[in-house]
Amino acid sequence: VKNKAPAEVQITAEQLLREAKERELELLPPPPQQKITDVEELNDYKLRKRKTFEDNIRKNRTVISNWIKYAQWEESLKEIQRARSIYERALDVDYRNVTLWLKYAEMEMKNRQVNHARNIWDRAITTLPRVNQFWYKYTYMEEMLGNVAGSRQVFERWMEWQPEEQAWHSYINFELRYKEVDRARTIYERYILFTLLVIVHPDVKNWIKYARFEEKHCYFAHARKVYERAVEFFGEDHMDEHLYVAFAKFEENQKEFERVRVIYKYALDRIPKQDAQNLFKNYTIFEKKFGDRRGIEDIIVSKRRFQYEEEVKANPHNYDAWFDYLRLVESDADAETVREVYERAIANVPPIQEKRHWKRYIYLWINYALYEELEAKASKRTRQVYQACIELIPHKKFTFAKIWLLYAQFEIRQKNLPLARRALGTSIGKCPKNKLFKGYIELELQLREFDRCRKLYEKFLEFAPENCTSWIKFAELETILGDIDRARAIYELAIGQPRLDMPEVLWKSYIDFEIEQEEYEKTRNLYRRLLQRTQHVKVWISFAQFELSAGREESLSRCRQIYEEANKAMRNCEEKEERVMLLESWKNFEEEFGTDTTKERIEKLMPEKIKKRRKLQAEDGSDAGWEEYYDYIFPEDTANQPNLKLLAMAKLWKKQQQESEAAEIDPDKDIDESQ
């Protein structure tokens, strides 16, 4: 090749393949028709065709389609002997080919060669007994020929090979077509016997079909017996809901409703819940059709119980599911069942010893104890439940005061006071808590054991000296008992504590106590001592109101003096709102009890409220914009006097500006009106 440059138009391999495929689809002209006019031409044609077939067979001896085409061509020429010879030669090549046997037998049947066909079928089922198609074709041929006995004999030979389920049912249907019910029953029995001994078809549906066969032919006793045998055969290890549903429906058709109910309950008690959905559904439908209200409720309860069982099985520490389950069981079950569920529930101890994980769990024990006491009326078991719960709780890490108190209250209801006191004493010794002390003290108060209450308060205050409520309650107890000096001493000890959780409440209680005793001087001293500790505006206002309510002649002057002191003391206070609150309280006092002079004076002391702006900063230090706020300017503050003057001048300038603008606009209006 002189020019080795690539061609301008390139052809790819894909394009070549595509064009070849397209040309395959082009229609070739049909071969010319041959007309044979005499015998010689016919023999010549046959010779050429046979030579072609023989050549194809010689080239591809194992291709069975060539043999079949050859035999069918000979059959079309009515050369049956030749076709038969070809099929025999083909069987020598591959006797396992199912299609070859079928075509051979069909050829004999088509040409009404019955004995030849029987011979072929016999050879086929003997050679390939596991090919069901041969047996079906053979039995069908015998039945079509009216040879019932021969067909039955073929079925019997087939059954000896223990075929699949459909073969047995074909045999049974064959007998039923000729009204041979007893024979069909015998076949069913043999079939079931195979399932029992050989375990060829250990399936529930075979038993159900047998029972329905008996029911269809009105042998109800036999049908019931079949179901009972099936139940016995499968036992409790291999129970199937479909068997019991079919059995129950059979009994329902016979109007045996009690038997139906027994069957359903027997199955539901033994079959796992997840495998009994259909069974439960049918039971519900049955009860709605034939049951009473109680039966329907039992069904609903059983369904809910199944749901709860699934929930607690999936997560045993789902205590809310246990609570719902127990509530359901308590409403509709005997005591032993309820106890069993409670025992299962409390066995799921939280894996972590942290109180937040135990808060829901502990109520299982509480509900268990309350059930034993209130519902089961078993006081001994109730005590055991409380004691077991107390032993289970890790008291060194945390405890539950509710359990100790409930146990003590239970023992009191049982008129066993020493045990109740022992339980509460143990709780305080092991794990003291405010709630335990309060509960024990309340118990002794109800029993009027005041000396015990005093001792308990002493222990309580040793344990929690910062608890103001305990000090107040202790003092109130002494006040109720008439021991004023002890109550006052308790208050003095309380306010002397270095750390208190609610000191303002304690001081208020002490002051109210002195006021009730009409010890006004002591009350004043208390206020003065309190003001040494705090200069809160509410203390000053309360002090002033006390002086006002003292009810003496000098009360107004004392009250006004308190307000004066408070105003002086709060001049340096950073919280201007508190000072404003004080002045407003003073103003209200003067408006009710003061003179014109005092009213005018307090008016001069009232601050002026102004709006200001300040810059805001974000957490990262960047500017966050501006915000408006209100500030107060007090006339008494000398430091603020220049600000007041400046503010007054600004207001005067703004007023003048507004007046000048109004003056400029008015003449224009007059001119417009004149025009």
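Me: How accessible is Asp320?
Reply: Asp320 is partly exposed, with a relative accessible area of 40%. Buried means under 20% relative accessible area, exposed means over 50%, and partly exposed is in between (1.4 Å probe, protein chains only).

Me: Ok, and where does this model come from?
Reply: It's a predicted model, where local features need pLDDT of at least 70 and side-chain atom pairs count only at pLDDT 80 or more, while totals for chains, interfaces and linings use all residues. Residues are numbered from 1 along each chain as its sequence is written, and side-chain values use heavy atoms, with hydrogens and water left out.

Me: Back to Asp320, which residue does it form a salt bridge with?
Reply: Arg360, at 2.4 Å from N to O. A salt bridge here is a side-chain nitrogen of Lys or Arg within 4 Å of a carboxyl oxygen of Asp or Glu.

Me: What about Arg224, who's its salt-bridge partner?
Reply: Arg224 meets Glu251, with 2.8 Å from N to O. This pair links distant parts of the chain, with Arg224 in helix H12 (residues 220-234) and Glu251 in helix H13 (residues 241-253), 27 residues apart.

Me: Is Glu251 buried or exposed?
Reply: Glu251 is buried, with a relative accessible area of 0%. It also belongs to a salt-bridge network with Arg224, Glu228 and Arg259.

Me: How far apart are Arg488 and Asp485 in helix H27?
Reply: They're three residues apart in H27 (residues 484-495), which is about one helical turn. Arg488 is buried at 15% relative accessible area, whereas Asp485 is exposed at 57%.

Me: How many salt bridges in total?
Reply: The structure holds 34.

Me: New topic: how many helices and strands?
Reply: The chain has 34 helices and two strands. Its radius of gyration (taken over C-alpha atoms) is 54 Å, well over the 26 Å that the globule rule gives for 675 residues, so the chain is more spread out than a compact globule. That rule is 2.2 Å times the number of residues to the power 0.38.

Me: What share of the residues is buried?
Reply: 38% of the 675 residues.

Terms used: Helix = DSSP H or I, 4+ residues; strand = E, 2+ residues; numbered from the N terminus.
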